Amino acid sequence: MTGDFRFDAKRLTVSTGTQVRWTNESEVGHTVTAYDGQIPSEAAYFASGEFDSEKAARNNVSGGLIASGEAYEHTFEVTGTYEYVCIPHESSGMTGTVVVK
Amino acid sequence: MGTGRADSEDHSHGGSSHGNFGAAGEYSDLDFDPHEFLYQFNTGRGEQENVPQDTYEENGRTVREFTFQAIDTTVTIAPGIEFPAWAYNGQVPGPTIRAVEGDLIRVKFENLGRHAHTIHPHLRNLNPEMDGIPQNGPGVLNTGESFTYEWIAQPMGVHFYHCHSLPLKEHIHRGLYGAIIIDPDPERVAENPEEYCNFHRSQITDELRADLVAEAKTRNHESPENDEVNEMVMVMNGFDTNFDGDNEVYAANTRAFAYGVGDTDGRGNWKAGETKRPIQIDRNQRQRVYLVNAIEFDAINSFHTHSQFFDYYDHGTTLTSTLQTVDTVMQCQAQRGIIELDYSNHDPGLYMFHAHQSEFAELGWMSFFEVV
Ligand SMILES: [Cu+2]
Ligand SMILES: [Cu+2]
């Protein structure tokens, strides 16, 4: 997460079992929130703030914020494509993709 | 996607091409439901999950406290069409706030979005620091900044709130607006009836006073008389999807044709859709619409009912109507009012209502009541 409201890298390809770590290098809070229905069906839902659905994450934006300098980690066990978003900056284009091979 | 065009490609078969306008298909994004939004009044009792709120007594006043967060979010405005919005608590229109006159409305506002925002209320606000403009109080709030606005709930009526950052046009049309409803206090109406009608105190008869108090009770959500009225909020809005300074999609409550029909053959037959369906109303119940115009770029908006006339209360700040027996009202931006409808003499069935700018109607602001 960088100062210009985007995920770096926007698209990341990893192998199964990889732990991905998002570090907030900007001055403002961001979230990492998986889109319901846009992750492999067998994969566990993931979101900063440990919500179990996108709706729960959207109902508590503050609870998912990663503060400046902090990080969020998630380990990807299932192959496929995962789409995720920073809830407060969605329409500013702050979305990302993880591809697990 | 065919917003505003005839659905049929074959013009030789009359009926459908001339009788069937509207967006093709149903809405698949169910995060926002305009049918639910009609009836979502946040009074501090936790009516909406995405609006943290509380109500309590403080210094002899009822406080209604809400947490508002501005975010950059994507909203669906027609089937398959998304709009990059800026929104209070992720929804457009923003959450409806409801209080009783004299209450304190406390809004803990945090801006999480990328751009600087405020909340400016159209209320009689005695403290300039609380006006939510760049030149006063905390000014604009940058990303991550917070401020707690406090507004006395006055006057009675249906009011408007919106972001007042510059450029104002953009901050409003992106979606930072909503309705504030201030219910009358019937005891205060009994004591100061002249403030609620167009008569001088010397002209107030006991009968008029009793009528005003009775009407006030129907408007006060804490009175049992209010339960008899079916109340709906409609915020008329539009969306400039290509950022050319003109709206491409119009609606009452954001989603084009959401109160339309799912399907029609243009020969008098129709079907309700999952997400596009008329507002069902009980003909024996009084119907009240809190109408607010948030439209940007177009000078006016309007509300027109088919086969029906209504009484209108401009700004909702009186308990006697300001227009009687009309079927069309117009509003400039930020204007609002209360519409009182009575369908008890109408046969059950479909009754259209829409903006009477045909362009707006064909691009989404076209709706129906299904009287049952
Ligand atoms: Cu972000
Ligand atoms: Cu703004």
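## Close-up views of a predicted two-chain model

No salt bridges are counted between chain A and chain B (a salt bridge is a side-chain nitrogen of Lys or Arg within 4 Å of a carboxyl oxygen of Asp or Glu). The model is predicted: local features need pLDDT of at least 70, side-chain atom pairs count only at pLDDT 80 or more, and totals for chains, interfaces and linings use all residues. Residues are numbered from 1 along each chain as its sequence is written, chains are lettered from A and ligands numbered from 1 in the order in which they are written, and side-chain values use heavy atoms, with hydrogens and water left out.

**View 1. The interface of chain A and chain B.** Contact (heavy atoms within 4.5 Å) links 15 residues of chain A with 16 residues of chain B. The buried area is about 1300 Å², and carbon and sulfur atoms give 46% of that. Buried area is the accessible area (1.4 Å probe) that two parts lose on being put together, summed over both. A:Asn59, A:Pro88 and A:Ser91 supply 36% of what chain A buries against chain B, more than any other three residues.

**View 2. The copper site.** Three protein donors hold positions 1.9 to 2.1 Å from the copper ion (ligand 2): B:His117 (ND1), B:Cys163 (SG) and B:His171 (ND1). Donors are N, O and S atoms within 2.8 Å of the metal (3.2 Å for Na, K and Ca); water is not among the atoms, so sites may look incomplete. The donor spacing in sequence reads H-x45-C-x7-H. B:Cys163 counts as buried because its relative accessibility is 0%. B:His171 is buried too, at 4% relative accessible area. Buried means under 20% relative accessible area, exposed over 50%, partly exposed in between (1.4 Å probe, protein chains only).

**View 3. A five-stranded sheet of chain B.** The sheet is open and mixed, with strand order 14-22-21-16-19. Strand 14 (279-281) and strand 19 (328-332) of chain B are at the edges with a single partner strand each, so one side of each lacks a neighbour in the sheet. From one strand to the next the twist averages 25°. Strand 16 (residues 300-305) and strand 21 (residues 349-354) of chain B pair antiparallel over two bridges. B:Thr305 has B:Phe353 of strand 21 as its bridge partner. Strands pair if DSSP finds at least two bridges between them. Helices (H or I, at least four residues) and strands (E, at least two) are DSSP runs, numbered from the N terminus.

View 4. Strand 17 (residues 310-314) and strand 20 (residues 336-341) of chain B pair antiparallel over four bridges. B:Asp311 stands opposite B:Glu340 of strand 20. Axes are lines fitted to C-alpha atoms, for helices over the stretch in contact, and angles run from 0 to 180 degrees between N-to-C directions.

**View 5. B:Gln308 in its loop.** B:Gln308 sits in the loop between strand 16 and strand 17 of chain B. The residue is buried, with a relative accessible area of 6%. Not counting residues up to four places away in sequence, B:Gln308 touches residues including B:Val326, B:Leu341 and B:His346.
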